[in-house]
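Hello,

Here is the structure I said I would pass on to you. Have a look at it first, and then read on for what turned up.

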Amino acid sequence: MTDTTFDITVILNYYAPYVSGLTETARVVAEGLAAQGWRVAVVTACHDPELPAEEVMRGVHVFRAPIAFKIGRGPVSPAFLTLARRIARRSRMLHLHLPMLEAGAIAMIAPRIPILSTYHIDVWIPPTLTSRIQIAGVNLSARVALRRSTHVVVNSDDQARHSLHWPSIDAGDWSSIPAPCLDPRGGAPVYRDGPGHHVGFLGRIVPDKGIEFLIRAFLRTAAPEDRLLLGGEHDTVAGGSNIAFLREIVGGDTRVRFLGALERDETRDFYASIDTFALTSVAESFGIVQAEAMMCGLPVVGSNLPGGRTPLLDTGFGLLTEPGDVPAIADALVALRGYPAEERQRLAEKARKLYSAESCIERYSTLFSRLSTEQDVPERTALPMVVAPK
């Protein structure tokens, strides 16, 4: 593997087996391109010391740099930049996933090859003594990387135009490609518990997912036989989980169940076990899980956030609520009970057409094909490096 030349090198802080919307987008696209015959490498930080420094995962060559320590969610790896530059020198193109603290430096030290940056979301960190400094540093890096990118991809026009970095995104070529969603149908309702209305959440158990508001809303209106199923990782999430706080809110109510991390087959069973899906985030760029829920015929309670509201606006399959508005979330959960079966089927088909992973991968493949054939690719010019925290 050490002598391989790559068509595309993907660079990001976290990669599989770590799971988040950003890492899943990177993984699905990288593996999809590799399946088409592209030689794809990934440079990432080694979030788990048990993982190998190099391996091939489903056709993708993965290189991991050891982590010295972490600041909040951000891994600090002195070897990361060196590794990224070494693999970039053997590559025809780079694919950066932002936000990433090192993105600006990587874009500046990379060889003169096309850089495609996928900008997922404006960084959000729970308020702490150092969070403003962390946000400012990541924003500075993003601004430099975006300005030096040959092309920028965002999840939606809505996300891009409401971003702090819209001026940098709009300074050159950009396009919107919805995040890739794998068809999660075909599961069995193994998590179902009785005849009541089952509401589900799936994702990392972290503050920005707004799970506390969902729990409070559910408990306001739930009947004795209703259930709230909360699936997702909480032991190893970057930045730490708020599960202890969430358990306090639940207060031992047996109608609310934490399922823990679910493998892909288990997520199929999860979607087959619920009647309504809820993603009541306070920060969200797209929300792959809500689009996947729609693909299964499930109406969604979502948050009215730029980017995060896109699947609901595109399909009309559910209701939007303002972030943190517990009464509104409760009302939406009640309103979506008994959603018409014909509408579920029609809107599920619409969601599958809009958000299929195959469509996303093909659009990325077309973009990389175009970039690989362009000669003398012009770099964007970085603006003065002054960024105020949002």
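Thr 280 sits in the loop that links strand S14 (276–279) to helix H10. In this predicted model, Thr 280 has a relative accessible area of 1%, so it counts as buried. Its contacts beyond four places in sequence are Lys 209, Gly 210, Leu 214, Val 301, Ser 303 and Ile 329. Gly 324 is 44 residues away from Thr 280 in sequence, yet their C-alpha atoms are 7.5 Å apart.

Leu 214 comes up again in the largest nonpolar core. That core has 53 residues, and Leu 214, Ile 215, Leu 230, Phe 270 and Phe 277 are the ones that touch the most other members. Take Leu 230: leaving out neighbours within four places in sequence, it is in contact with Phe 201, Ile 211, Leu 214, Ile 215, Val 256, Arg 257, Phe 258, Leu 259 and Gly 260. A separate core of 31 residues lies apart from this one, and its members include Ala 88, Ala 107, Ile 113 and Ala 142. As background, nonpolar side chains in soluble globular proteins tend to be buried together.

Next, helix H13, which covers residues 341–355. Which residues of H13 are buried? They are Arg 344, Leu 347, Ala 348, Ala 351, Arg 352 and Tyr 355. Looking down the helix axis, these buried residues fall within an arc of 145°, so they line one face of H13. That side packs against helix H10 (288–295), helix H11 (310–315) and helix H14 (357–373). Glu 342, Gln 345 and Lys 353 are exposed, on the face of H13 turned away from the buried side.

Now the cysteines. How many disulfides does a search of the whole structure find? The count is zero. For Cys 181, the closest cysteine sulfur belongs to Cys 360 and is 8.3 Å away, which is too far for a bond. Cys 181 has a relative accessibility of 1% and therefore counts as buried. Cys 46 also counts as buried, because its relative accessibility is 11%.

Finally, a word on confidence. The chain has an average pLDDT of 92, and 94% of the residues score at least 70. Please take care with residues 375–390, where pLDDT stays under 50. For that stretch the model has 46 contacts beyond four places in sequence.

Happy exploring, and best wishes

Conventions
Residues numbered from 1 in each chain as written. Predicted model: local features only at pLDDT ≥ 70, side-chain atom pairs only at ≥ 80, totals over all residues. Heavy atoms only, no water. Buried < 20%, exposed > 50% of the residue type's maximum accessible area, 1.4 Å probe, protein only. Helix = DSSP H or I, 4+ residues; strand = E, 2+ residues; numbered from the N terminus. Arc of directions from axis to C-beta. Contact = heavy atoms within 4.5 Å. Core = buried A, V, L, I, M, F, W, Y, C linked by side-chain atoms within 4.5 Å. pLDDT = per-residue confidence, 0-100. Disulfide = S-S within 2.5 Å.
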